[in-house]
Amino acid sequence: MAAEGGGKEMNEIKTQFTTREGVYKLLTHSEYSRPNRVPFNSQGSNPVKVSFVNVNDQSGNGDRICFNVGRELYFYIYKGVRKAADLSKPIDKRIYKGTQPTCHDFNPLTATAESVSLLVGFSAGQVQLIDPIKKETSKLFNEERLIDKSRVTCVRWVPGSESLFLVAHSSGSMYLYNVENTCGTTAPHYQLLKQGENYAVHTCKSKSARNPLLRWTVGEGALNEFAFSPDGKFLACASQDGFLRVFGFDAAELHGTMKSYFGGLLCVCWSPDGRYIVAGGEDDLVTVWSFSDCRVIARGHGHKSWVSVVAFDHCTTSVEDGDPPAEFSGSDEDFHEQIHFGVGRDRANSSHSRLSKRNSTDSRPVSVTYRFGSVGQDTQLCLWDLTEDILFPHLPLSRTRTHTNVMSATSPPATGQTTLTTVSSPTTNPSGSNGKDNVSTSSSSGNPANSLPSTLPRSNSLPHSSNPAGGSTPNSHTGSSSSNSSTTTTTTSTTTTTTTTKGNSIIDSAFIATGVSKFATLSLHDSRKERHEKDHKRNHSMGHINSKSSDKLNQLSSSRTAKAEAAKTLGTTLCPRMEEVPLLEPLVCKKIAHERLTVLIFLEDCLVTACQEGFVCTWARPGKVGLLSSQNNPANSPSGTVV
């Protein structure tokens, strides 16, 4: 698709792209940047990051945006697709000396039109709590850098809490803070609370309450990003050692792990229902991991360089019956029967919903589509669809999927009756009985995919070979009782039972108050046999990795132990070989910037991207671009062009 109105001399920069739901268009007048729109010289600086909050003011324009560019931090009213951005009037602007902001996060619980709580992490290790509306700086944590001297890589408020927040550093440590506590004038002393495989949790020894409350030491090398599950009970950590580790947060118990194909993991996100985790990193891949099965279920290959951000689109992710109802037109207000999750912990959760569907009595399973996106250092935006042929390989495909180009890895079970039950917790799936498969799904509605014609293809998965034994573990949506299926081996069913039991025990222990407990050494996948197969010849290193990337990888993983561990994990459930899991190809893969992309956020009526030059771009969803012209005349507004 030719660029329209985009870069003048670089016409390969796309300003719109088409998906099954319609055309996404770049709104050049809704671009946010530094007030003078001068591209930022990004060499050697920290990534541009963006945070949103809704202050629920009476004007109906309650969205606020914060982004960092170099040493500067900006706070604006975000007008999105409605009105053009007025960059001459930031609510707050801060310029820092000696250190740079690296990440930030709003507390959605305490946000009002008069006050917001914004945490800002810095390159020298400090964390600042500011109120950009009141223009106040209330507190500075780790001011003397006695807790950690390394760069802050990720900061997040603990879901449901007005005072607790978690901070990750490039040292590989995470710290739990309370805004009410001070950090003390001396370095903290720690006492071991819990220890497991490649992680440890320490509590701070002190006569009076002080920060940090806890210190997590996770893996080797930097902890690049973490993400809380939608219900706030679990924590997914992406580390430079290439491991994804998922913990029960309250009990500090390891739930499961995954290893990248090679290199470090840079980003991680949860599906809106908490069933799946997507991670991306230095292997140029996006990897989809099942929370309940604790295994890789798919990989996506579309980027030509490191993947910097992954995010689920809660508005396009959907669950539908076999035949889409004709009355749905595809607008955001279509599903009136939705029941919101009882969590309500952040802005995105307001779109989480559970669809009360009738039981399907005519052997047609539900059609499930998860939409997620990724951006990378190759300046490309990729959108991916995760469909039911990948999620439920044991079930017959629904009728909506008539033009699929994926080869089924396993034969469908003999019994075809499917019951849809909706659950809010990812590990409380009911076990199937009497030969029926209970498929537990929940979805986010907003732009439902069931408005699509039934003739459209619903998969973008490349053909793949049949999974070997052990690689075809049944999804725990069907519970451990699915071991009566003829395709399931004894070893596999045992593994499924073990995993399910572990998941339930993690949930149970999460309700127990954290205290000094017995040391637990968690060894994952003990019951699985290590398979010693032929040397991995194919896809051992991706052909498109250039020499510079290889040099970086060699520097980052210089330790021999890391390389030895990587060789051990390849071909196991931690890191399947490329041919052992489905390989997805992107729905959309477009170059949308001149500099590496560092932000991807899905909002109700648009998606937001940002590049290292400091330009924050708004892409209107299909049918949403007309809102702007009806409410505002762009000719009378300050407008800018994509540089």
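**Strands and aromatic rings in a predicted model**

Good morning. Strand 14 and strand 15 form a hairpin with two residues between them, and in that turn N198 has a positive phi of about 60°. Please bear in mind that this is a predicted model. The two strands, covering residues 189-196 and 199-205, run antiparallel and are joined by seven bridges. Within this pairing, H189 stands opposite K205 of strand 15. A charge also belongs in this part of the picture: R215 lies over the face of Y190, at 4.2 Å from the ring centre.

Four of them form an open sheet in the order 17-18-19-20, with antiparallel pairing. Its edge strands are strand 17 (223-228) and strand 20 (253-259), each of which pairs on one side only. From one strand to the next, the twist averages 20°. Strand 19, residues 243-248, pairs with strand 20 in the antiparallel sense over six bridges, and F247 stands opposite L254 in strand 20. Furthermore, the charged end of K259 sits over the ring of F243, 5.9 Å from its centre.

Finally, the aromatic residues. The count comes to 26 aromatic pairs. Why is the pair Y74 and Y76 stacked? The ring centres of Y74 and Y76 are 6.2 Å apart and their planes lie at 20°, so the pair counts as stacked. Both Y74 and Y76 are buried. By contrast, F226 and F228 have ring centres 6.1 Å apart and planes at 85°, so that pair is edge-to-face. F226 is buried, with a relative accessible area of 0%, and F228 is buried at 13%. One aromatic cluster is formed by Y32, F52, F67, Y74, Y76 and Y78. Thank you.

Key
Residues are numbered from 1 along each chain as its sequence is written. This is a predicted model: local features need pLDDT of at least 70, side-chain atom pairs count only at pLDDT 80 or more; totals for chains, interfaces and linings use all residues. Side-chain values use heavy atoms; hydrogens and water are left out. Two strands pair if DSSP finds at least two bridges between them. Helices (H or I, at least four residues) and strands (E, at least two) are DSSP runs, numbered from the N terminus. Axes are lines fitted to C-alpha atoms, for helices over the stretch in contact, and angles run from 0 to 180 degrees between N-to-C directions. Rings of Phe, Tyr and Trp (its six-membered ring) pair if their centres lie within 6.5 Å; planes under 30 degrees apart count as stacked, over 60 as edge-to-face and the rest as tilted. Buried means under 20% relative accessible area, exposed over 50%, partly exposed in between (1.4 Å probe, protein chains only). A charge sits over a ring if NZ of Lys or CZ of Arg is within 6 Å of the ring centre and within 35 degrees of the ring normal.
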